[in-house]
Amino acid sequence: MATATAPTRTATDDPLRAPELDADRIAAAALRIVDADGVRGFTMRAVAEALGVTPMALYHHVADKAALAALVIDAAAREIAFPSPTGDWREDVLAMARWSRQTTLSHPGVGRLRSAYGVWTPSVLRMTEHWVALWRQSGLPLDAAVRAANVSSAAIVGLVASESAWREMAFPDQTLLDQLPNARLAFAARHDPAAAFDLAVTALIDGLRSA
């Protein structure tokens, strides 16, 4: 009588050692989850299910959720290349600010993820290096240039966060606006978010340069 034999398992059958599982695939899957479900949906189990592996498989590539968050942050930052330098520091600062806005608005949950886990990644530090280098081209003394870089960075992050929040908010009830003529004017005005951002950043650049 023939006896059945169990199929031989190979390394490729083992989800803990699946050779196709790498940092790029993990980051891409996690980024899709953050885009769809935000920080609340960002779990090792959700990412593992999206990849068709066990949660333990992920720990062969990332130490913990903070490390996974770092992969996501860097993946989002790599999607859009830094703008090429023009030689005009004001234009280059504005171009970098636009890059930051575009990157953040493409993946609003990523900024919240970074705040939640407090991670510093190579992409974030390279952006900081480039940003300070641009402000050092302004002709300001070193201390003033670094201060301007820090202040402008914080202001731009706030501008983009505000725009992102506005995109998710409903328009105020018209009966409330009828009682507030100036607020009604503000909400009735045509608003070009990109143009408003450029205006604010340009004013910020000129103000910090002359402060």
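This is a predicted model: local features need pLDDT of at least 70, side-chain atom pairs count only at pLDDT 80 or more; totals for chains, interfaces and linings use all residues.
## Where H4 meets H7

Helix H4 (residues 65-78) and helix H7 (residues 122-136) have axes that come within 8 Å and cross at roughly 50°. The two helices are therefore oblique to each other. On the H4 side, the contact is made by Ile 73, Asp 74 and Ala 77, while H7 brings Pro 122, Ser 123 and Val 124. Sorted by class, that gives 4 nonpolar, 1 polar and 1 charged residues.

Is Ser 138 buried or exposed? Its relative accessible area is 5%, so Ser 138 is buried. A polar atom of its side chain lies 2.6 Å from the backbone oxygen of Trp 135. Apart from neighbours within four places in sequence, Ser 138 is in contact with Trp 89 and Arg 209.

## Salt bridges

The whole structure holds 6 salt bridges. One of them pairs Asp 24 with Arg 78, with the closest N and O atoms 3.9 Å apart. Asp 24 belongs to helix H1 (residues 23-37) and Arg 78 to helix H4, 54 residues apart. Asp 24 is exposed at 53% relative accessible area, and Arg 78 is exposed at 51%.

Arg 101 and Glu 163 also meet in a salt bridge, at 2.7 Å from N to O. Here helix H5 supplies Arg 101 and helix H8 supplies Glu 163, 62 residues apart. Arg 101 counts as buried at 15% relative accessibility, as does Glu 163 at 13%. Through shared partners, salt bridges join Arg 101, Glu 163 and Arg 167 into one network.

How values were computed. Residues are numbered from 1 along each chain as its sequence is written. Side-chain values use heavy atoms; hydrogens and water are left out. Axes are lines fitted to C-alpha atoms, for helices over the stretch in contact, and angles run from 0 to 180 degrees between N-to-C directions. Helices (H or I, at least four residues) and strands (E, at least two) are DSSP runs, numbered from the N terminus. Angles under 35 degrees count as roughly parallel, over 145 as roughly antiparallel, 65 to 115 as roughly perpendicular and the rest as oblique. Contact means heavy atoms within 4.5 Å. Ala, Val, Leu, Ile, Met, Phe, Trp, Tyr, Cys and Pro count as nonpolar, Asp, Glu, Lys and Arg as charged, and the others, Gly among them, as polar. Buried means under 20% relative accessible area, exposed over 50%, partly exposed in between (1.4 Å probe, protein chains only). A polar contact is a pair of N or O atoms within 3.5 Å; within protein, one must be able to donate a hydrogen and the other to accept it, and residues adjacent in sequence count only if both atoms are side-chain atoms. A salt bridge is a side-chain nitrogen of Lys or Arg within 4 Å of a carboxyl oxygen of Asp or Glu.
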